Amino acid sequence: MKPKFLPAIRCNQVPQFLRILPITMLLALPLYSHALPSDANQSIKLLADKATYSERTGVTSYSGNVIITQGTLKLTADDITVNLSQQRSINSAVATGRPATMQQVITQEKGLAKGQANKIDYNAVSGIITLTGNARLVQNGASFAGNVIRYSLKAGDVEATAGGNQRVELVLPPSNNTNQSGIR
């Protein structure tokens, strides 16, 4: 489970791919820990053109049209880098792309959360996803857009920040309650 070195992995090198499977499972573990309970029981699928792992630094990198799926979780990016602790648990994962995307059903009530940005940074310790650069997050009919969006998987809190000439945009769906009137 602790390979010393993994060379570049290509689709036609299936035996070498099996050596990266434990690391792939570690990568997805914190991402699905706050999702639907059924996600944790689903198989993990990772597709990439190349994967590397450094035992010395604990850094695993995936590149080339990376797609990770497990249950309702789907993460896509050009590149994903994972930092492991000394105990081989994930400290953080960073996905970059034009754009990098994520989607996951948080709960049945909240529904599907979809995010996209130039960079998606997941902090496994805090459960915070930070979307940076042309960031957009949509959940439960509401959408947030800005330069930086911080989203807590645990609490469901969202914080959006503008950058440069850009302003934060928030779009809320109309209320189903017919007794309320609009802003006056």
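**Exercise 1. State the accessible surface of the protein chain and the share of it that belongs to carbon and sulfur atoms.**

Step 1. The accessible surface of the protein chain comes to about 10500 Å². Areas of this kind come from the Shrake-Rupley method with a 1.4 Å probe, and for residues only the protein chains shown count as cover.

Step 2. Carbon and sulfur atoms account for 51% of this surface.

Step 3. The structure is a predicted model, in which local features need pLDDT of at least 70 and side-chain atom pairs count only at pLDDT 80 or more, while totals for chains, interfaces and linings use all residues. Residues are numbered from 1 along each chain as its sequence is written, and side-chain values use heavy atoms, with hydrogens and water left out.

**Exercise 2. Decide where the coordinates should not be read in detail.**

Step 1. The mean pLDDT of the protein chain is 75, and 70% of its residues reach 70 or more. pLDDT is the predictor's confidence in each residue, from 0 to 100.

Step 2. Helices (H or I, at least four residues) and strands (E, at least two) are DSSP runs, numbered from the N terminus.

Step 3. Over residues 1-34, pLDDT stays under 50. The model has 66 contacts beyond four places in sequence for these residues, a contact being heavy atoms within 4.5 Å.

Step 4. Where pLDDT is low, predicted coordinates should not be read in detail.

**Exercise 3. Describe the order of the elements and the largest nonpolar core.**

Step 1. The protein chain has one helix and 11 strands. Along the sequence the pattern is β-α-β-β-β-β-β-β-β-β-β-β.

Step 2. Of the 184 residues, 39% are buried. Buried means under 20% relative accessible area, exposed means over 50%, and partly exposed lies in between (1.4 Å probe, protein chains only).

Step 3. The largest nonpolar core has 31 residues, of which Y62, I80, I120 and L131 touch the most other members. The elements that give two or more residues to this core are β3 (50-54), β4, β5 (73-84), β6, β7 (111-123), β8 and β9. Such a core is a set of buried Ala, Val, Leu, Ile, Met, Phe, Trp, Tyr and Cys residues joined through side-chain atoms within 4.5 Å.

**Exercise 4. Is S152 buried or exposed, and which residues does N147 touch?**

Step 1. S152 lies in strand β9, and N147 is in strand β9 (residues 142-152) as well.

Step 2. S152 has a relative accessible area of 10%, so S152 is buried. N147, at 27%, is partly exposed.

Step 3. Leaving aside residues up to four places away in sequence, N147 touches L131, T132, G133, N134, A135, T161, A162, G163 and Q166. With neighbours within four places left out, S152 is in contact with G127, I128 and D157.

Step 4. The C-alpha atoms of N147 and V168 are 7.7 Å apart, and the two residues are 21 apart in sequence.
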